[in-house]
Amino acid sequence: MNNSYVGKVKAGEVITYIFLILIVAFVILPILFMLVASFMDARQIMAMPFRWIPSKDYFSSPTRTFFTNFIKAIRGNNNNNIFFRSMLNSLVVAITCAVTTVFFSALCGYGLAKFKFKGRNVVFMAIMSTMMIPFEAIMIPLYMVSKMLGIMNTLPGLIIPFAISAFGVFQMRQYLLTFPSEYLDASRVDGLGEFNIFLRIVLPNSTPVIATLGILSFRNQWDNLLWPMLCAQAEKLKTLPLYISGFAEEKQTDEGALMACALLASIPMFILFFTLSKYFLGGAAVFESRKG
C-alpha cells in the first residue's frame, strides 16, 4: 500500500479525533463550570480570569461550609423551602407527559403506518404541519382554552396541552413503517384484536424508539418554563424552571446558589439518560437507518 496514502488516512483520523474532542469539550465545559461554580460565592464566580479551583480562604468564614450554596438553593430566596415540592411537580408533569406522549404517539403512528384508509397521507401531513407553528403563536389561545376548561392553576393544566406531540407521531410512524406486518397478520389469525396487538406485539418490540421519545419528551417538560409561568400562578404548583428563575429575578442574585440549584435540577435528567442511554442511542441509530 502506498505510504503517502496511509499517511493521508492517519492524518485524516487525527483531524477527526481532534474535532470530536473539541466538540466534547465544548459540550462538557458549561456542565463543569456549573459544577465548580456551585461551590463558590458570587465574588469568585464573577472574577476574571475565572479560577477553576476555589481559593484556600474560601471556607475560612465560619458562616460558610462546603454545602452552603446547596442549603441556600433548597431553602429558596425567601426561605420558603419549596424546592422539593417544585421538583416533585416537575417529576409528575414530566413523567406523565412522557408516558402519554409515548402511548398516544405510538397509537397514532401505528394507525398511520399499518392501516390503509382514504386520506391517510392528508392526515399525516396535517399533523406534521403543526410542527411549523411556534408555541408562542398558540400560547394565548391555549391559555384562553385552558381557562375556559377550568384547568388553570392545576396539574392537569400543565400536562394536558403536552400529552401528545407531532414529532412523537412522526418518529413512531417512521419506526413502525418497517415493522414486520407478518407478525401483525399472525396475531390477527390467532384471534387478537387490534388494540391487543398494539399492546402485546407493537409496544414491546418498539423499546428503542419508545425510550428515545420518552427521554426527549421528559426533557422538554423538565425544561419547560414558558407554559408553567402562565398556567401555574400558585406557589404550590411551581415547577423547577420557575423555582430557578426566582433566583435570577432577585436584585442581588446569588450566583453560587443559582448554580447549585441548577446542578440539583440536572441530576434527575442525568440519571434518566444514563439509565436508558443504551436504548436511547440504539433508538436514534435505528431511526436514522430506517429514515435513510
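Figure 1. Phe-270 is partly exposed, with a relative accessible area of 34%, whereas Phe-274 is exposed at 56% (buried means under 20% relative accessible area, exposed over 50%, partly exposed in between, with a 1.4 Å probe and protein chains only). The model is predicted: local features need pLDDT of at least 70, side-chain atom pairs count only at pLDDT 80 or more, and totals for chains, interfaces and linings use all residues. Residues are numbered from 1 along each chain as its sequence is written, and side-chain values use heavy atoms, with hydrogens and water left out. Both Phe-270 and Phe-274 belong to helix α14 (residues 255-275), where four residues, about one turn of the helix, separate them. Helices (H or I, at least four residues) and strands (E, at least two) are DSSP runs, numbered from the N terminus.

**Figure 2. Aromatic pairs.** The count of aromatic pairs comes to 15. Rings of Phe, Tyr and Trp (its six-membered ring) pair if their centres lie within 6.5 Å; planes under 30 degrees apart count as stacked, over 60 as edge-to-face and the rest as tilted. Phe-39 and Phe-70 make a tilted pair, with 5.2 Å centre to centre and 55° between the planes. Phe-39 lies in the loop between α1 (3-37) and α2 (42-46) and Phe-70 in helix α3 (residues 68-75), so this pair ties together parts that are 31 residues apart in sequence. Phe-39 and Phe-70 are both buried. The pair of Phe-270 and Phe-274 is stacked, at 6.4 Å centre to centre and 20° between the planes. Elsewhere, ring pairs join Phe-103, Phe-104, Tyr-110, Phe-115, Phe-195 and Phe-198 into a cluster.

**Figure 3. Arg-173 over the ring of Phe-124.** Arg-173 sits over the face of Phe-124, 3.9 Å from the ring centre. A charge counts as over a ring if NZ of Lys or CZ of Arg is within 6 Å of the ring centre and within 35 degrees of the ring normal.

**Figure 4. The salt-bridge network of Asp-185, Arg-188 and Glu-194.** Salt bridges link these three residues, Asp-185, Arg-188 and Glu-194, in a network (a salt bridge is a side-chain nitrogen of Lys or Arg within 4 Å of a carboxyl oxygen of Asp or Glu). Between Arg-188 and Asp-185, the closest N and O atoms are 2.9 Å apart. Arg-188 and Asp-185 are about one helical turn from each other, because they are three residues apart in helix α9 (residues 181-189). In the salt bridge of Glu-194 with Arg-188, the closest N and O atoms are 2.6 Å apart.

**Figure 5. The salt bridge of Asp-223 and Arg-219.** A search of the whole structure finds three salt bridges, and one of them joins Asp-223 to Arg-219, with the closest N and O atoms 3.8 Å apart. Asp-223 is partly exposed at 45% relative accessibility, and Arg-219 is partly exposed at 37%.

**Figure 6. Leu-225 in the loop between α11 and α12.** Leu-225 is found between α11 (207-222) and α12 (226-231). With 30% relative accessibility, Leu-225 counts as partly exposed. Leu-225 and Pro-241 are 16 residues apart in sequence, and their C-alpha atoms are 5.4 Å apart in space.

**Figure 7. The largest pocket.** The largest pocket holds about 810 Å³ of space. On a 1 Å grid over the protein atoms alone, a pocket is an open set of points with protein on both sides within 12 Å along at least five of seven lines, and a cavity is a set where a 1.4 Å probe fits but cannot get out; lining residues have an atom within 4 Å of a point. Grid points are joined across faces, edges and corners, and a volume is the space filled by probe spheres set on the points. The pocket has 25 lining residues, of which Phe-135, Phe-162, Ile-164, Ser-165 and Ala-166 are the closest to its centre. Two or more lining residues come from each of α4 (83-114), α6 (135-149), α8 (166-176) and α11, and α11 gives the largest share, six residues. By class, the lining of the largest pocket has 16 nonpolar, seven polar and two charged residues (Ala, Val, Leu, Ile, Met, Phe, Trp, Tyr, Cys and Pro count as nonpolar, Asp, Glu, Lys and Arg as charged, and the others, Gly among them, as polar).

**Figure 8. The largest cavity.** The count comes to one cavity of 30 Å³ or more. About 40 Å³ of space lies in the largest cavity, and its lining is formed by Val-93, Leu-158, Gln-221, Asn-224, Pro-228 and Thr-239. Three of these lining residues are nonpolar, three are polar and none is charged.
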